Structure formats: C-alpha cells, structure tokens
Amino acid sequence: MRTRARVLWVFAFAASVALAGQTLILIERQCRSLESALRSDFRVVLFLRGEVSEPRVKVIEEKLRAQPEVAAIRYICADEALAALRREDPDLVDAVALVTDNPLPGAFEVRPSAEALPRLSAWIDSASGLADWSDVRWKPAQLQAILRARLYGHWMRLALSTLLCAAAALVLWSLAVCLRAPARRAERQLTAAGALGGCAGLAVAVLEAWPLRRDELLWSWPSFWAQAAVVAACAALGWSMSLWRCEH
Amino acid sequence: MALRALSLAALAMVAAAPALAQPERKKELARIQSELRRTLIQLSELKASEKDLGRDVTRLEGQDADSRRRVERLLESIRQAEGRRSDLKNRLDSARQVAGFWTAALSAEASAGRSDFHGSRELWADEFRRVAIMEKARHLRGLQGFKRKTEEDEAAAKSRAQELSDRRRKAQSVRDGHRREYETKKAELERTQSRVAQAALRAKELEESARALNALLDRIAQAGRWRKSGPAATLDIAKHSLHWPAEGKVLRGFGRERNAELGTWSVHQGLLIGSAASAPIAAVAAGRLIFAGPFRSYGRVAILDHGGGFFSVYGGLGEFLQQKGVDVGAGEALARAGDAKNGSGGSVYLEIRRGTEALDPLAWLEKR
C-alpha cells in the first residue's frame, strides 16, 4: 500500500514537472517562432531624395552592402514601389494620384542581420551619411518585439537548460547509487511512474495549449526530442526519488 | 417805348417844323442818329455776347458728352468689377470645398489602421502617405494662399467697385452741374437772342423813323402852312394852367428812363396817362387839330397847334371825335382813349412841344 502511494505521488510530481517543462518548451518555441517571423519581415527602408541616376544607385548600393551586419539589400525604384503599392492598396494610390502621378522616391530595402538589431540605431547613423536620404523608415515597435521575443526565448532556454542539467545530475546520482546496490522492483515502479507522470504532464500541457493554437498565427509545435527529454527527465526524477527513499 | 418816344419826338419836330430853326432840327436828327449808333453798338455787343454764349454752349455740350462717356466707362468698369468679384467668390467657394475635402481626406488617411509590429510593406504605404500628405499640405498651402489672395482680390474688387461707384456719383454730379450750367447758359442765350432780335427791330424802326422824320421835315418845310411866326415865337400860356387830357394817374413820366432788361436808356418826351376805357381825351388848350390819324407804331395820333410854336401831341388814341383842321376848345374832347397795354382801362400819351423842344407836361398841366 505504501509502495502504491509512493508510485502515485511520484506520478503526480513528475506530471507537474512535465507540465511546467512542456509549458516552458512551448513558450520558448513560440518566442523563437515569433522572433524568426518578425525578423524575417523586418526591413530598414532608406528613401532617396529626388531623382537619382542608375550609376549613382549602384554606388550607394555598394556602399550599403559594405556596411557591417547587412543580411540583404535591394533597390526598389519609384515605379516598382508604386506598382506594388497599387496592388496592395489601390484606393490609397488612386486617392493620392489625384494630386500627383507618383510621389514616391526610389529606396533601398535593407534587412539587417540578427546581430545588428540591438545596435540598429548605430547602424542607421552610419548609413545616414552614405547618401542624401529623404527619409529612413523602420518599425521601432517591431524591433522591440524582436528583441523582447529573443530575450524571452533565451530566458526560457536558460530555464529549460537548468532543468535538464538538474535532471542529468539526478540521473548521474542515481547511477552512482545503483552501482553500489542492485536495482529493486520498487525503483523500477517509481521510474516508470515518473516517466508516466512526465507523459501525463506533457499531455496536460498540450491539452492546455491546444485551444490557444487556433488563436496564434505564429504557433509552433515543440520538437519530439525536447519532449522526449522532458519525459526522460521525469523518469529520472522518479528513479532518483526511489533511490532516495530506499536509502532512508 | 424808346422807339415810340423817338417817333413821337420826330412827329413833334415835323409838326413844329415851320417854327423850328434848321440847326435845331439837325440837332434833333443828330440826337436820334446818336441813339441809333448807341443801339447799333449795343446790338454788336449783344451779338458778341451771343457768340460767346454760343461758344460756352458748345463747350458745355462737349463737357456734357465727355461726362456722359466718363459715366458710361465707369458703369462698364463697375460691371466688370462686379463680374470679377462674383467670379472670385465662386472660386473662393470652390477652394473652400476642395480644402475641406482634402482636410477630411488627410484626417481619414492619418487615422488609417496599421500595425506597428509587423509588415515592412507598410513602410512603403507610410512613406506614400507621408509624401502624399506633404503634397497635399503643399496643395493646401497653395489653396490657402489662393484663398487668401482671392479674399484680398475680392476685397480689392469691392473697394474698387466702391471707388468706381463714388467716382461715378461724382462724375454724375459734375455732369449734372454741367447740364444745369448748360441749361442756364442756353436759356440765357435764348434770352439774349431775343433781346438781340428786339434790339435789331428797334434799330430798324429807329432808322425808319429817322428817314420818315427827314421826309416829313422836308415836306413841311416846303409847305409851311402852319408857320405863323418865327422860330423864336413866345408862348402866352402860364405854367400849370393846362387841362389834363384824362383823369387817370401818370403811368410813365417825362425824361430819361433806364431799361434794366436791355441795359439801355430811353428818352421819354411826354407823359403816359391812364384813363377809363374809351374815356374822352380832352385838349389841354384851345388850338387847331392839324394832324389826326395813325402814325407808325403809335397808333392814332392827334396834334393840336396852340399857336406861337406851341403844340400838344396825343398818342395811342381810340376813336377820333374831331376832324382834322377844326379848332378845338380847351378841355374839349378830341378822341377816345385807346386801350391800355396791360389790358385794363385806357391810356393816352401826351407831349407838349415848343417848336422842336419837348417840354415837361407836368410843368404846364394843372396841379393835382
């Protein structure tokens, strides 16, 4: 009876740990996905002032490309930009076309590298002197979102890594104990209870996250190995708990 | 009346011719000729005045035409200014409507939904909005400047219309003044022309009188039938002893009288005495009726020879009551009074002559 109670207790504890771990994994995954999506969309657009000749455009493009931490660069002429804008928002273009044909200037779309984002202001300052820009546009809120998603992702990864390290330490400790005494039946039961609890925790976490999946455009499912690691960690937790109990 | 006086004087000279000396007749003739010269001078002066007035009238007509043209030009300018003002008002209303439209459009676009966290394509839309807003702002500034300028133009047009209206009123006032002056001058010209015509007629009558006088003098000098004594005959009648020919008041006295209208002097050598209509005209003294009949513009004339070169002449008579050549007693009726010129009652013109000299009848008629 006491063994059964211990098994249930280990099962519940492992399920709770798995639930927390899976939640952390889901959030980390979400942060990574969000950062990736925002970063792939993030652009700094440098608008030229007035008409610029094609050779001059080439020169400016090369100068920008020579800047550090530039992932991609593309020149878009005014007509091309207006055509694209007309496809996306014809009403807006038609409304403005009442005043003038094409008020848009030519511009360079620059996609900074991920490393450049925290220092984007400095990068823009260095790029501002390369040409006579009429306007330099980017989305500061998007940049803030990227950086925050990156921060939260790092934070989650750090926590998960800590948990996995703790689980690894428990496994090592359990192995050391097992080398001194042969494994008993109760140890196997608690290990299995831990693994089962881990699976249950994962399942509960998935069930909890499942309704949110439809609300989030950037939903990303955790990898199999991450979840296996959680289950293994839970099993190790149960195993170590059986050993700790047996010694006392 | 001057002509009448001169003519009667001439008649008196004719009647007294046998008793007058040749130098006195020449003197009377010279006086008449002098009066004729003066009248001719006045006539020439009046003609010169008429020419001046004609020039004034021509000038005033020209000024009137200029004023009318100026007023028409001003009216045309006012019409143009009003049209321009109306046009500016329409344009101003259009500008206000366009400005309102663009303001609403800009507000709508500025508040258009966008995401701050995603969608780099929106950067292009943002830039497009920005440059569009700048373009529209520039356009709005242009519209506002146009609106301001239009308002200024409208105010200027209003001021110009007011100024033109004032000038028109002033020009109209000047034109009215010219018109009044023209009417006044024209009336004055017509009066002057009338006076010139009268003066010319008078001069003509004087000339004819002078000629008639000369002719009568010649005939009487040849006949000499009433010449009873020499030219220096004396008169045995006491002053203030003659009867009045009529009972009325003296309407016009003896001597020189100024004609205020013509600005000339007339010599009256007798009295004009009022009477009842068709009243009998009595002889002032006994004498012979040596002339009874019409004489030029004096109507019926009677001349009594009282002897001693003393004559009494009655003019403007009506029906004769005595025949020529009869002797008439003092106070005896000669004729009836002619109608007065003013249409009420009658009148008689009386001269008393000694030879060719006209005497003041009041000095000889009984005192009243």
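In which helix of chain A is the place of Q22(A)? Select residues 2-41 of chain A: this is helix 1, and Q22(A) lies in it. Keep in mind that you are looking at a predicted model.

**Stop 1: Q22(A)**

Is Q22(A) buried or exposed? Q22(A) counts as buried because its relative accessible area is 0%, and the cut-off for buried is under 20%. Now show its neighbours. Leaving out residues up to four places away in sequence, Q22(A) touches L202(A), A205(A), V206(A), P222(A) and Q227(A).

**Stop 2: chain A as a whole**

Zoom out and colour chain A by secondary structure. It has 8 helices and 4 strands. Chain A has 248 residues, and 42% of them count as buried. Take the contacts in chain A with a separation of 6 or more: 88% of these join residues 24 or more positions apart. The accessible surface of chain A is about 13,800 Å², and carbon and sulfur atoms hold 62% of it.

**Stop 3: the sheet of chain A**

Select the 4 strands of chain A. They form an open sheet in the order 2-3-1-4, with antiparallel pairing. Strand 2 (70-76) and strand 4 (133-137) are the edge strands, each pairing on one side only. From one strand to the next, the twist averages 15°.

Next, pick helix 5, residues 120-128 of chain A. Helix 5 packs on the sheet and touches strand 1, strand 2, strand 3 (107-112) and strand 4. Its direction makes about 20° with that of strand 1 of chain A.

Now select strand 1, residues 44-48. It runs antiparallel to strand 4 of chain A, and 4 bridges join the two. Which residue of strand 4 is the bridge partner of L48(A)? It is W133(A).

**Stop 4: where the chains meet**

Show both chains. The contact involves 32 residues from chain A and 23 residues from chain B. Together the two chains bury about 2,400 Å², with 68% of that area given by carbon and sulfur atoms. Select L123(B), W124(B) and F128(B). These three supply 33% of the area that chain B buries against chain A, more than any other three residues.

How many salt bridges does the rule find across this interface? There are 3. For a salt bridge to look at, show the side chains of R137(A) and E127(B): they meet at 3.0 Å, N to O.

**Stop 5: chain B**

Chain B has 3 helices and 12 strands. Of its 368 residues, 43% are buried. Among contacts in chain B with a separation of 6 or more, 73% come from residues 24 or more positions apart. The accessible surface of chain B is about 19,300 Å², of which carbon and sulfur atoms hold 50%.

**Stop 6: strand 10 of chain B**

Finish at residues 333-339 of chain B, which are strand 10.

- Strand 5 (residues 280-282) pairs with strand 10 in the antiparallel sense over 3 bridges. Find A282(B) and its bridge partner A333(B).
- Strand 8 (residues 310-320) also pairs antiparallel with strand 10, over 2 bridges. Here F320(B) stands opposite A335(B).
- Strand 11 (residues 346-354) pairs antiparallel with strand 10 over 2 bridges. Look for D339(B) and its bridge partner G346(B).

Conventions: Residues are numbered from 1 along each chain as its sequence is written. Chains are lettered from A and ligands numbered from 1 in the order in which they are written. This is a predicted model: local features need pLDDT of at least 70, side-chain atom pairs count only at pLDDT 80 or more; totals for chains, interfaces and linings use all residues. Side-chain values use heavy atoms; hydrogens and water are left out. Two strands pair if DSSP finds at least two bridges between them. Axes are lines fitted to C-alpha atoms, for helices over the stretch in contact, and angles run from 0 to 180 degrees between N-to-C directions. Contact means heavy atoms within 4.5 Å. Buried means under 20% relative accessible area, exposed over 50%, partly exposed in between (1.4 Å probe, protein chains only). Accessible areas come from the Shrake-Rupley method with a 1.4 Å probe; for residues, only the protein chains shown count as cover. Buried area is the accessible area (1.4 Å probe) that two parts lose on being put together, summed over both. A salt bridge is a side-chain nitrogen of Lys or Arg within 4 Å of a carboxyl oxygen of Asp or Glu.
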